[in-house]
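Subject: Handing over the two-chain model

Hi there,

Here is the structure I promised to pass on.

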Amino acid sequence: MKNIKTKGTVRKVPFKVYIRNTWQLYLMLLIPVIYMLMFRYKPMIGGIIAFKKFNVFAGIWNSPWIGLANFREAFGSRDFWNALMNTLVLNAGDLILGFPVPILIAVFLFEIRNLRIRKLTQTILYLPNFLSWVIIAGIITQLFSNSGLVNDIIRKTGLSEINFLSSPFIWRFVYWISGIWQSAGYSLIIYLAALSATDSSLGEAAYIDGATRLQRIAHVTIPQIKPTISIMLIMQLGKIVSIDFDRPYMMGNTLVKSASDVISTYVYSVGLQAGRFDFATAVGLFQSVVGIILILSVNKISKKMGEEGIM
Amino acid sequence: MGELKSKADRRFQIFWNTFFIVISIVAIIPIVRVFSMSLSSKDAILAGKVFLYPVQFTAEAYVRSFQSGSFLSSFIYSVFLMLGSTVVCVVMTVLAAYPLSKKKLKGGTIIMTLFVLTMYLDPGIIPKYLNVRDLKLIDTFWALIIPEALSAYNMIIMCTAFRGLDSSLYEAAKIDGCNEIQTLFRVALPLVYPTLATLALFYAVGRWNRLSDVLYYVNSSKLYTVQMVLKQLIESVKISQEEGIASQLVADNIKSASIVISMTPMVIAYPFIQKYFTKGIMLGAVKG
């Protein structure tokens, strides 16, 4: 109702008066809008070099069109498939190993009554979220290198050392674990907030009906935070082909290249380091398009299944 | 609940309290260990004596980190870059969010859509790089501020905060003769202060920690942020790891001291950040 009323009043105001009242608002918007056009939309148009043979001297517009040649080259390149597979594998590991951790921590943390310990755990687990991947990579090398703490402990128990950072297979686990360490605290806060909004009388009713604690957690608590869990899951599934740059770039090294080369680092090395702008743009564009399709479809599927979407 | 007194419950509480204490300790060990290594002597570290507390306590590593001019100057530069970048980002966010929070604004919906679409349509790094290069920003201070100056996501959070204000406040300001700019500064901004502070912190932490754009847009070492300098230090260690060289190019205590120095701003600000960030996550992330 309110909306209709305000619309009505706007119509009655003469255009001159409207402008006199609002020109300052338009003036404020001017800079951000120009900014968005210059720094977000202009590069989108620049993306057409994916379909061109980019020539530095001719520039984006005057370089000759070559159709899908860059894409064909990418699909025929082993490095591209390696980067794509690694992106999927690393993200899938984050999902399978990393996704349930904060949920489990939140559910059990919510059950304990000692608020001091609850707060302490939350504070400590959230801290690594504020450390850069450069710092985390530095810390991880100190812990997992052959002369690092973990191998020191392993050697003391009489076992032989493990090449955490030079065997591609084991390196993946280091990557996943560091991801849990860095980001579990963030999701934990979201789940704890969702939990504190749940209705405790349902749990009490289940208790009276003779449900054990684990039964209550599984059948009362978790179903209540299911909307939050599904939104978090949708967001992560939608991002399964896209990968942040800093994390794989800093965590990887030349010995584990076969596992740590991902789309973002591949685009960087082919595009910015080797200067093949057109080809690298094509790879990036492929990733963006698949990403959008995934987000839209995951969103649609979840809505069909009766869950909330993110859009 | 009668359960409070039951033995099973007490056992449950003891088990999980212990469990979470252990988890917390495990999660904090890496950070504690970096601290203690930074305060230990090189020999003690090489001999593998340092675990959770400094051995042969010395602040030598810090002195040496600061003496190597590049680290100190890049630290000071990074602080200024962080502050400058945060100011620019916050100003841009408010400039966009305040007008768009007015439902009556003609064309507002179209402009809002223009902003929202940027969250999903990513041109990728190469076109962005070429754009920055066309604008002659490569290898300048501004390349580390302008390309990330406005995030549509944060703008929407800010916009929601403005919309949450009581509309009668705006009307009162109007009757008192405030124009839109005066209303923004005298009425709206003081009231959305918590959201503003949260976003400022988001931007500041993001700028401090981000490495990628320094790699993309900057070549000269005088524009290197702390993260970039630290990256070079760590990489020199990585190389020695790969080649199996026992003697490292940079001693572990100096590397640890550098890590500690680069995380200081975040760790000092953490208690204060935590309060706002916890709210901040809730502002944007969750509908359910």
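Below is what was found in it, topic by topic.

This is a predicted model, in which local features need pLDDT of at least 70 and side-chain atom pairs count only at pLDDT 80 or more, while totals for chains, interfaces and linings use all residues. Residues are numbered from 1 along each chain as its sequence is written, chains are lettered from A and ligands numbered from 1 in the order in which they are written, and side-chain values use heavy atoms, with hydrogens and water left out.

Chain B

Let me start with chain B, which has 13 helices and zero strands. Here helices (H or I, at least four residues) and strands (E, at least two) are DSSP runs, numbered from the N terminus. Of the 288 residues in chain B, 52% are buried; buried means under 20% relative accessible area, exposed over 50%, and partly exposed in between (1.4 Å probe, protein chains only). Contacts (heavy atoms within 4.5 Å) in chain B with a separation of 6 or more come to 70% from residues 24 or more positions apart.

Where the chains meet

How many residues does each chain bring to the contact? Chain B gives 99 residues and chain A gives 96 residues. The area buried between them is about 9300 Å², with 71% of it from carbon and sulfur atoms. Buried area is the accessible area (1.4 Å probe) that two parts lose on being put together, summed over both. F20(B), I126(B) and Y270(B) supply 7% of the area that chain B buries against chain A, more than any other three residues.

The rule finds two salt bridges across this interface, a salt bridge being a side-chain nitrogen of Lys or Arg within 4 Å of a carboxyl oxygen of Asp or Glu. One pairing joins the side chains of D9(B) and R213(A), at 2.2 Å from N to O. Helix 1 (residues 7-38) of chain B gives the largest share of the side of chain B that touches chain A, 17 residues. By class, that side has 59 nonpolar, 19 polar and 21 charged residues. For these classes, Ala, Val, Leu, Ile, Met, Phe, Trp, Tyr, Cys and Pro count as nonpolar, Asp, Glu, Lys and Arg as charged, and the others, Gly among them, as polar.

S132(A) is worth a look. This residue sits in the loop between helix 7 (115-126) and helix 8 (133-144) of chain A. Is S132(A) buried or exposed? S132(A) is buried, as its relative accessible area is 2%. Not counting residues up to four places away in sequence, S132(A) touches N209(B) and Q227(B). With the side chain of Q227(B), the side chain of S132(A) makes a polar contact (2.6 Å). A polar contact is a pair of N or O atoms within 3.5 Å; within protein, one must be able to donate a hydrogen and the other to accept it, and residues adjacent in sequence count only if both atoms are side-chain atoms.

The nonpolar core

A nonpolar core is a set of buried Ala, Val, Leu, Ile, Met, Phe, Trp, Tyr and Cys residues joined through side-chain atoms within 4.5 Å. The largest one has 162 residues, of which F115(B), L150(B) and F162(B) touch the most other members. Helix 4 (residues 69-101) of chain B provides the largest share of this core, 14 residues. Leaving aside neighbours within four places in sequence, the contacts of F115(B) include P32(A), V33(A) and M36(A) from chain A, and L100(B) and L150(B) from chain B.

Salt bridges elsewhere

Over all chains, a search finds 14 salt bridges. R247(A) pairs with D94(A), the closest N and O atoms being 2.9 Å apart. R247(A) lies in helix 14 (residues 246-251) and D94(A) in helix 5 (residues 78-98) of chain A, 153 residues apart. Both R247(A) and D94(A) are buried.

Most residues other than glycine have a negative phi. D139(B), though not a glycine, has a positive phi of about 65 degrees. You will find D139(B) in the loop between helix 6 (125-134) and helix 7 (152-163) of chain B. D139(B) is partly exposed, with a relative accessible area of 25%.

Enjoy exploring!
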